[in-house]
Amino acid sequence: MIDVTQIRRPDDMARITTPALAQAFIDEQIAALRAQIGDRKVLLALSGGVDSSVVAALLIRAIGKQLTCVHVNHGLLRKGEPEQVIQVFRDEMDANLIYVDATDRFLDKLAGVTDPEQKRKIIGNEFIEVFAEEARKLDGVTFLAQGTIWPDILESENGIKAHHNAGGLPDDLQVELVEPVRILFKDEVRAVGSALGLPDGMVNRQPFPGPGLGVRCPGAITRDRLEAVRESDAILREEFAASGLEGKVWQYFTVVPDFKSTGIRDGKRTFDWPVIIRAVNTRDAMSATVEEIPFALMHRLVQRITAEVPGVNRVLYDFTPKPSATIEYE
Ligand code: XMP
């Protein structure tokens with residue numbers, strides 16, 4: 001048995017910056033994966049994020065249908081995300097993909113919960129529960145694949161953050177780990193993803209937190225306010241893409257806080273939520289500056305969001321850097 005947790009990035013490893021270097025890494029990894037896995041079966045939690053998507057694409061190349069991907073929709077994903085995962089991996093790459101729509105389970109558990117850390121805990125635990133249930137339904141899974149990357153290892157060694165690994169799985173699920181991108185930096189994972197033919201929108205995505213839109217719907221999550229977050233986020237992403245800001249701004253999203261204010265529509269009084277827009281730039285997420293959005297774009301965002309998102313009558317822009325604010329609201 002290979003203990004992948006002992007594998008380290010060689011000090012003299014060249015940074016993967018070109019398609020040729022990415023291809024060399026892919027060829028090497030495919031051979032290593034085949035040697036490690038043989039004819040046995042692998043399970044992967046596929047979120048649709050860059051790291052797990054690249055791991056999935058590598059494993060599909062290496063072992064095809066011996067891989068089963070599980071995509072858990074916790075109801076807190078962005079608009080169009082589950083559909084994209086299904087289209088890319090099931091339809092285009094012909095992968096074994098189990099899609100679990102667990103929206104009701106998550107939202108029922110989260111109902112009335114206001115504390116941010118409690119919300120994170122519920123989302124994390126429920127995720128493991130749903131994933132483990134799916135794993136138990138499958139026969140003879142030997143391996144669990146993970147999208148661990150080199151900064152995760154460095155950060156957990158330096159005590160900055162504990163990177164989430166198989167430690168969280170229940171004891172009855174004894175699996176060996178497969179971590180094919182563990183020695184790569186994020187930019188290298190993206191280069192490998194492009195060389196594997198993953199769509200640009202998947203490879204060059206902005207960071208998206210594990211608890212998803214749940215931390216952008218501050219306080220107790222309700223389905224109607226969550227929909228307002230999802231719809232306004234989709235409009236923001238569309239308008240940023242149309243304005244050439246996609247891929248330029250590090251992270252941008254909307255938040256719908258749990259309060260209402262008076263407004264007017266068609267001559268009648270309204271009492272609706274505001275949408276807060278946040279767009280920040282950073283190197284390492286430890287500090288961040290605010291993007292100076294052109295005013296014309298801001299006007300278009302206000303016009304579209306107030307016209308298209310039910311329950312919203314104001315749009316605000318958050319001008320606060322980190323510190324004093326954090327990037328997310330919870
Ligand atoms: P903050 O809000 O702490 O965010 O300034 C820094 C970066 O981390 C992301 N973030 C998270 N990612 N799980 C994640 O996977 C989380 O619970 C979480 N909270 C924040 C945030 O989006 C930003 O990129």
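The model is a predicted one, and the tour starts with its overall layout.

Where the two domains touch, domain 1 supplies 13 residues and domain 2 supplies twelve residues.

Which elements give two or more residues to the side of domain 1 that touches domain 2? They are helix H4 (103-110) and helix H5 (116-137). Helix H5 provides the largest share of that side, with three residues. Sorted by class, the side of domain 1 that touches domain 2 holds seven nonpolar, three polar and three charged residues.

**Helix H2 and its two partners**

Now let us turn to helix packing. Two packed helices are described by the angle between their axes and the distance between the axes. The table gives both values for each pair.

| Helix pair | Axes come within | Crossing angle | Handedness |
|---|---|---|---|
| H1 (residues 19-37) and H2 | 9 Å | roughly 65° | right-handed |
| H2 (residues 50-63) and H7 (residues 186-195) | 10 Å | roughly 45° | left-handed |

On the H1 side, the meeting residues are Ile26, Gln29, Ile30, Leu33, Arg34 and Ile37. Facing them from H2 are Leu58, Leu59, Arg61, Ala62 and Ile63. The residues of this contact of H1 with H2 divide into eight nonpolar, one polar and two charged.

Helix H2 also meets helix H7. The axes of H2 and H7 cross at roughly 45°, which makes H2 oblique to H7. Which residues of H2 make this contact? Helix H2 brings Val50, Asp51, Ser53, Val54 and Ala57, while H7 brings Val189, Arg190, Val192 and Gly193. By class, the contact of H2 with H7 has five nonpolar, two polar and two charged residues.

**Putting it together**

For the domain contact, look for H4 and H5 on the side of domain 1 that touches domain 2.

Note on methods. Residues are numbered from 1 along each chain as its sequence is written. This is a predicted model: local features need pLDDT of at least 70, side-chain atom pairs count only at pLDDT 80 or more; totals for chains, interfaces and linings use all residues. Axes are lines fitted to C-alpha atoms, for helices over the stretch in contact, and angles run from 0 to 180 degrees between N-to-C directions. Helices (H or I, at least four residues) and strands (E, at least two) are DSSP runs, numbered from the N terminus. Angles under 35 degrees count as roughly parallel, over 145 as roughly antiparallel, 65 to 115 as roughly perpendicular and the rest as oblique. A crossing is left-handed if the near helix is turned anticlockwise from the far one by less than a right angle, and right-handed if clockwise. Two residues are in contact if their C-beta atoms, placed from the backbone, lie within 7 Å. Ala, Val, Leu, Ile, Met, Phe, Trp, Tyr, Cys and Pro count as nonpolar, Asp, Glu, Lys and Arg as charged, and the others, Gly among them, as polar.
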